[in-house]
Amino acid sequence: MSDNALYTDLSGYYDLMCADINYQAQSNSAHRFHQIFGNGGKRHLDLACGTGPHIQHFQYEGYECSGLDINQPMLDLALQRCPDGLFTLGNMCDYTTAEPYDLITCFLYSIHYSGNLNNLKSCIESTHKALKTGGIFCFNSVDKNHIDNTLSAKHRVDYENSIFSFGSSWFYRGEGEQQTLKLSIDKTTLDQTQHWTDEHPMVALSFTELQNLLAPYFDVHVFEHEHDKIVAWEQLSGNAIFVCIKKENAN
């Protein structure tokens with residue numbers, strides 16, 4: 001299967017795959033960061049927006065929302081969920097916007113879909129250009145040096161007379177700029193089980209490397225991966241939220 005085959009073919013199951021995610025808490029957290037660090041504006045762009053659940057919550061807060069994703073079936077579902085949203089097919093590593101935004105988000109570790117360091121730098125540059133003065137870029141990331149290849153996340157959902165079991169895990173071989181997101185889906189209907197697996201190549205880097213990439217373009221603040229409170233990153237955990245305030249004169 002190609003890298004995006006499962007993502008494309010099972011777009012109808014994507015929300016089930018993410019059923020255990022608290023989209024509201026994540027969106028509220030980014031909204032609070034924007035209130036504290038941002039310019040107060042309400043133009044919002046969500047990179048790798050998927051089916052639009054985060055955008056839905058930002059709209060509740062009065063934002064004028066847009067979404068960018070590389071997968072058209074996902075965008076079709078996002079438009080059904082958020083008819084007032086503006087959704088664009090495109091690559092977050094190389095995009096331009098007609099008008100700048102006040103807040104740009106990228107949830108669910110999707111920043112790692114950049115794939116390699118050059119693409120990630122291009123994503124950072126594109127995002128810097130797409131922000132207004134005082135705008136912020138908010139996303140979460142995982143440090144390659146903290147990945148435990150033995151850990152995985154799993155959950156189960158009953159849907160339309162079938163039982164779905166979803167699994168995901170990170171894998172990093174200990175060197176280089178690539179890690180892998182491994183996904184699995186089991187669908188059991190009566191006594192029959194279908195099984196899909198997929199692996200997505202993702203960019204791997206440490207938080208120090210990431211901060212160095214961001215520093216020419218943004219004033220960077222790093223926080224613990226907590227959505228119900230704001231806690232400065234204590235440099236121990238391998239998951240963090242990055243809040244990046246646009247520099248007007250990028251180096």
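A cavity is a set of grid points where a 1.4 Å probe fits but cannot get out. In this predicted model, the count comes to two cavities of 30 Å³ or more.

The largest cavity has a volume of about 70 Å³. Its lining includes Tyr 14, Tyr 23, Asp 46, Leu 47, His 54 and Phe 107. Two elements, β1 and α4 (53-60), each give two or more residues to this lining. By class, eight of the lining residues are nonpolar, three are polar and one is charged.

The second largest cavity has a volume of about 60 Å³. Among the residues that line it are Gln 26, Phe 33, Phe 107, Phe 139, His 227 and Ile 241. Both α3 (23-37) and β5 supply at least two residues of the lining, and the largest share, four residues, comes from α3. Six nonpolar and four polar residues make up this lining, with no charged residues.

In soluble globular proteins, nonpolar side chains tend to be buried together. The largest nonpolar core of the model has 29 residues, and those with the most contacts inside it are Leu 47, Ile 104, Phe 137, Phe 139, Leu 214, Phe 218 and Phe 242. Elements giving two or more residues to this core include β1 (43-47), β4 (101-106), β5 (131-142) and α7 (207-214). The largest share, four residues, comes from α6. Apart from this core lies another, of 19 residues, including Ile 55, Ala 78, Leu 103 and Ile 136.

Leu 47 belongs to the core and also lines the largest cavity. Phe 139, likewise in the core, lines the second largest cavity. Beyond four places in sequence, Phe 139 touches residues including Cys 106, Leu 210, Leu 214, Ile 241 and Phe 242.

Technical notes: Residues are numbered from 1 along each chain as its sequence is written. This is a predicted model: local features need pLDDT of at least 70, side-chain atom pairs count only at pLDDT 80 or more; totals for chains, interfaces and linings use all residues. Side-chain values use heavy atoms; hydrogens and water are left out. A nonpolar core is a set of buried Ala, Val, Leu, Ile, Met, Phe, Trp, Tyr and Cys residues joined through side-chain atoms within 4.5 Å. Buried means under 20% relative accessible area, exposed over 50%, partly exposed in between (1.4 Å probe, protein chains only). Contact means heavy atoms within 4.5 Å. On a 1 Å grid over the protein atoms alone, a cavity is a set of points where a 1.4 Å probe fits but cannot get out, and a pocket is an open set with protein on both sides within 12 Å along at least five of seven lines; lining residues have an atom within 4 Å of a point. Grid points are joined across faces, edges and corners, and a volume is the space filled by probe spheres set on the points. Ala, Val, Leu, Ile, Met, Phe, Trp, Tyr, Cys and Pro count as nonpolar, Asp, Glu, Lys and Arg as charged, and the others, Gly among them, as polar.
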